[in-house]
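Colleague: I am new to this structure. Please put it on the screen, and then I shall ask my questions.

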Amino acid sequence: MKCTRVEKFLPLYIAGDLTGRRRSRAIENHLAACEKCRRVAGEYHASRELFRAATLSPDFDGAFYEEIRNSVLAQIRRDRTPAPPSVFSRLFDVRLAYAASLASLLIAATLALHSYPSRTPEDGTRRRMIAIVNRERPATQPTIKTPRATRTGSDELTTPRPFDELARGTTGTGRRAPKRLLPKLNANIEDARNGLLSGLNTTRRTPSTAGRNPLAPPADATDRANAKEIAALAGSGGETSAQPEVSRIEIQTSDPNIRIIWLSPNREDPAQPLK
Amino acid sequence: MTTGTAHFAAMMAGDFQTPGDAREAEGREHFALLIARARAGDASAFERIMLETERKVVAVAWRMLGNREDARDAAQEVFLRVYKYLDRYKPEQDFNGWLYRITINVCRDAARKRGSRLDGSQFAATPREDERAAPEAASTGMNAEEHAIRAQQRALLMCALRTLPEKERAALVLRDLEGLTTEEVARVLRSRPVTVRSQISSARAKLKIHCERLLRSKGGRRV
């Protein structure tokens, strides 16, 4: 084995890290014969010993190690202890947030229910909208969605604006109705007006009494009560007056159980079509 | 009885244990027990683990990082990681190897954070070493100048160690200073034994050059 090759393996050979027993024996034989390589091997030994002596354990004092232990244990205890909840998290607790949302919804729903009746047109104009619930009456009349009546300062009953607008071909929002619907709308209004006149003179009878709710008042009684109410509003006997002072317009909504009745002062000539 | 039977079966199978292996297995069981207790929340068991391993951890950290403060911070981080990853430790695993690996990784992270700050001052002797060396020097007839020369040698050798590439330094520290075998070093560094041998060989050659310079300067002073 040549010196250059031996010098290459010497760093491992001096600490027994060389693998292969044959190679170690070859280096050993070479070192026994070569003075130069033996000197280099000695230098490796010396530097290794010097290095090990210089970098022995640092030998820090006990307080140094105690400081490390205490710091680590304190950190572990801090990590294991859950932090107390902050004011923010207490205020915005999830369960509390859900409860607050639910309470807000309930309050809003209650307010909406209470405020809805106050929006109906109950004012000094004596104009009233009466919804008659008649479970037995079929929805044979045309369905007209009525816009809300506006409040006026007059004490007299006037024809509600929506029908004036419908007669003019406009809706409550000011939009014009399609022309093809105008004849049908006028016919419906005429039918309603005629029906009102006949309803004020004679009580309306239901076509059948089959399937009547036993707890509900009789249909005749209901209609009679309505007629009385209408007559009272008109200021004269509903059953006896041939020419009532008010006009009654009944509108069947999409719900067959709800019918809307509009009362308005009678025109001089009811047969005259609305303009 | 069962243990005796198992031991006899192992003997018959030719699976003999050397005294070193027996000590290693005993130490492994000892640490496995302590770790099981620490996992269960026994703080005293973890403190016991720290007491038994802190000098080893601090020594490696000091050799890798070169100064007291960095070694202390690294040791704290090592034990915090050990505690954090106690669940990942397997009882059949070598605890010392696991601990060395964590220590080397922490030191690498710390060195990266610190950057390439490199000067000889950080390898100065610790105050306790100086205190201990002074009476020793007096008792052995070593004068103050020789004592200063020795401290300087140590600082220069540590500086030389710091100049080594990180992997070579880790391999040399574990092999020459901690006394691990090449195979153990390879396991700790997650490398191959042949790679570790190459790294150790290169590191020893570089250190020899440093030491020769040092010895030459020492010889020149003496003359």
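Colleague: Where in chain B does B:Arg190 lie?

Modeller: B:Arg190 lies in the loop between helix 9 (182-189) and helix 10 of chain B. Helices here are DSSP runs of H or I with at least four residues, strands are runs of E with at least two, and both are numbered from the N terminus. Residues are numbered from 1 along each chain as its sequence is written, chains are lettered from A and ligands numbered from 1 in the order in which they are written. This is a predicted model, in which local features need pLDDT of at least 70 and side-chain atom pairs count only at pLDDT 80 or more, while totals for chains, interfaces and linings use all residues.

Colleague: What about phi of B:Arg190?

Modeller: Phi is near 55° there, a positive value in a residue other than glycine.

Colleague: Why does B:Arg190 count as exposed?

Modeller: B:Arg190 counts as exposed because it has 9 C-beta neighbours inside 10 Å.

Colleague: How confident is the predictor in chain B, by mean pLDDT?

Modeller: The mean pLDDT of chain B is 78, and 73% of its residues reach 70 or more; pLDDT is the predictor's confidence in each residue, from 0 to 100. Within chain B, helix 9 has the highest mean, 94, and helix 1 (residues 2-12) the lowest, 43. Residues 1-17 of chain B have pLDDT below 50, and this stretch has three contacts beyond near neighbours in sequence. Two residues are in contact if their C-beta atoms, placed from the backbone, lie within 7 Å. Where pLDDT is low, the predicted coordinates should not be read in detail.

Colleague: And chain A, what is its mean pLDDT?

Modeller: For chain A the mean is 67, with 47% of residues at 70 or more. Over residues 122-167 of chain A, pLDDT stays under 50. For the complex, the predictor gives an ipTM of 0.74 and a pTM of 0.53.

Colleague: What covers the buried residues of helix 4 of chain B?

Modeller: The cover includes helix 4 (62-80) of chain A, together with helix 3 and helix 5 (95-114) of chain B. Helix 4 of chain B has 17 residues and reaches 24 Å from its first C-alpha to its last, close to the 24 Å expected, where the expected span is 1.5 Å times one less than the number of residues.

Colleague: Which residues touch the most other members of the largest nonpolar core?

Modeller: Among them are B:Val58, B:Ala61, B:Ala74 and B:Leu174, in a core of 60 residues. Helix 3 of chain B gives the most to this core, 11 residues. A nonpolar core is a set of buried Ala, Val, Leu, Ile, Met, Phe, Trp, Tyr and Cys residues joined through C-beta atoms within 7 Å. Apart from it lies another core of five residues, including A:Ile249 and A:Trp262.

Colleague: In strand 3 of chain A, what is the bridge partner of A:Ile249?

Modeller: A:Trp262 is the bridge partner of A:Ile249. Strand 2 (residues 246-252) and strand 3 (residues 258-265) of chain A pair in the antiparallel sense over seven bridges; pairing requires that DSSP finds at least two bridges between two strands. A hairpin joins these two strands of chain A through five residues. In strand 2 of chain A, six of the seven residues are buried.

Conventions
Buried ≥ 20, exposed ≤ 12 C-beta atoms within 10 Å, placed from the backbone.
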